[in-house]
Amino acid sequence: MKGEFTGKHMLAVLVTGFGIVVAVNFTMATFAVKGFNGVVVENSYVASQNYNGWLDRARAQEALGWSATMARAPDGRLAIATGGVPASATVDAMLRRPMGDSTVTHLALRPRGDGAYASADPLPAGRWIVRLTVSAHGDEWKSEGEVD
């Protein structure tokens, strides 16, 4: 045996081990706080009072029979393909990153014919969460999806 395991060695093992645990926890907590963009609702009690209204709006939206798919076109623009939507509809999109950057970008989409819509400019690279709003004749339909 080369040397004796002393109290100093045990202290070094404990300090190093706990130091690693604290450093990892601090790093993970920092990532969690920086990646959270905000609250879902300001007051959960008030939100719960609106729940039945939200369900009624969802049923009315479903009864419209409208549909939409979203994708990044080969030219980088946001492309929307709709189904059952009146030709006079307006389509708007709100884009945000899934994590990190809390910037929200609004896009007005231009009709391209046959129920297709596209953004005027290409999307910046990366993943986006797209909240789509289709409006026509006083009706409104909303959908949310991801675009890579």
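Phe 26 sits in helix α1, which covers residues 7-35. Is Phe 26 buried or exposed? With 61% relative accessibility, Phe 26 counts as exposed; the cut-offs are under 20% relative accessible area for buried, over 50% for exposed, and partly exposed in between, with a 1.4 Å probe and protein chains only. Gln 61 is 35 residues away from Phe 26 along the chain, and their C-alpha atoms are separated by 45 Å.

Before going further, keep in mind that this is a predicted model, in which local features need pLDDT of at least 70 and side-chain atom pairs count only at pLDDT 80 or more, while totals for chains, interfaces and linings use all residues. Residues are numbered from 1 along each chain as its sequence is written, and side-chain values use heavy atoms, with hydrogens and water left out.

On to helix α3. It takes in residues 51-64, and at 1.5 Å a residue those 14 residues should span 20 Å, which agrees with the 20 Å between its end C-alpha atoms. The expected span is 1.5 Å times one less than the number of residues in the helix. Just after α3 comes Gly 65, with a positive phi of about 75°.

Now the sheet. Seven strands make up an open sheet with antiparallel pairing, in the order β1-β2-β5-β4-β3-β6-β7. Because β1 (67-72) and β7 stand at the edges with a single partner strand each, one side of each is left without a neighbour in the sheet. From one strand to the next, the twist averages 25°; axes are lines fitted to C-alpha atoms, for helices over the stretch in contact, and angles run from 0 to 180 degrees between N-to-C directions. Strands of a sheet pair through backbone hydrogen bonds, either parallel or antiparallel. For two strands to count as paired, DSSP has to find at least two bridges between them.

Here are some of the pairings, each with one residue pair:

| Strands | Bridges | Residue pair |
|---|---|---|
| β3 and β6 | seven bridges | Ala 93 opposite Leu 132 |
| β3 and β4 (residues 104-113) | six bridges | Val 91 with Leu 109 |
| β4 and β5 | three bridges | Arg 110 with Ala 118 |

Strand β3 is worth a look residue by residue. Its covered face carries Val 91, Ala 93 and Leu 95, and its uncovered face carries Thr 90, Asp 92, Met 94 and Arg 96. Val 91 has a bridge partner in β4, Leu 109, and another in β6, Val 134. Ala 93 is buried, with a relative accessible area of 4%. The C-alpha atoms of Ala 93 and Ser 143 are separated by 9.6 Å, with the two residues 50 apart along the chain.

Next, the turns. β4 and β5 form a hairpin with two residues between them. Asp 114, in the loop between β4 and β5, has a positive phi of about 55° although it is not a glycine. Asp 114 is also exposed, with a relative accessible area of 84%. The loop between β6 and β7 holds His 137, another residue other than glycine with a positive phi, near 55°. At 67% relative accessibility, His 137 counts as exposed.

Finally, the largest pocket. How much space lies in it? The figure is about 730 Å³. Of the 24 residues that line this pocket, the closest to its centre are Val 40, Met 94, Arg 96, Arg 131 and Glu 144. A pocket, on a 1 Å grid over the protein atoms alone, is an open set of points where a 1.4 Å probe fits, with protein on both sides within 12 Å along at least five of seven lines, and lining residues have an atom within 4 Å of a point. Grid points are joined across faces, edges and corners, and the volume is the space filled by probe spheres set on the points.Elements giving two or more residues to the lining of the largest pocket are α3, β3 (90-96), β6 (128-136) and β7 (139-147). The largest share, five residues, comes from α3. By class, the lining has 11 nonpolar, six polar and seven charged residues; Ala, Val, Leu, Ile, Met, Phe, Trp, Tyr, Cys and Pro count as nonpolar, Asp, Glu, Lys and Arg as charged, and the others, Gly among them, as polar.

Technical notes. Helices (H or I, at least four residues) and strands (E, at least two) are DSSP runs, numbered from the N terminus.
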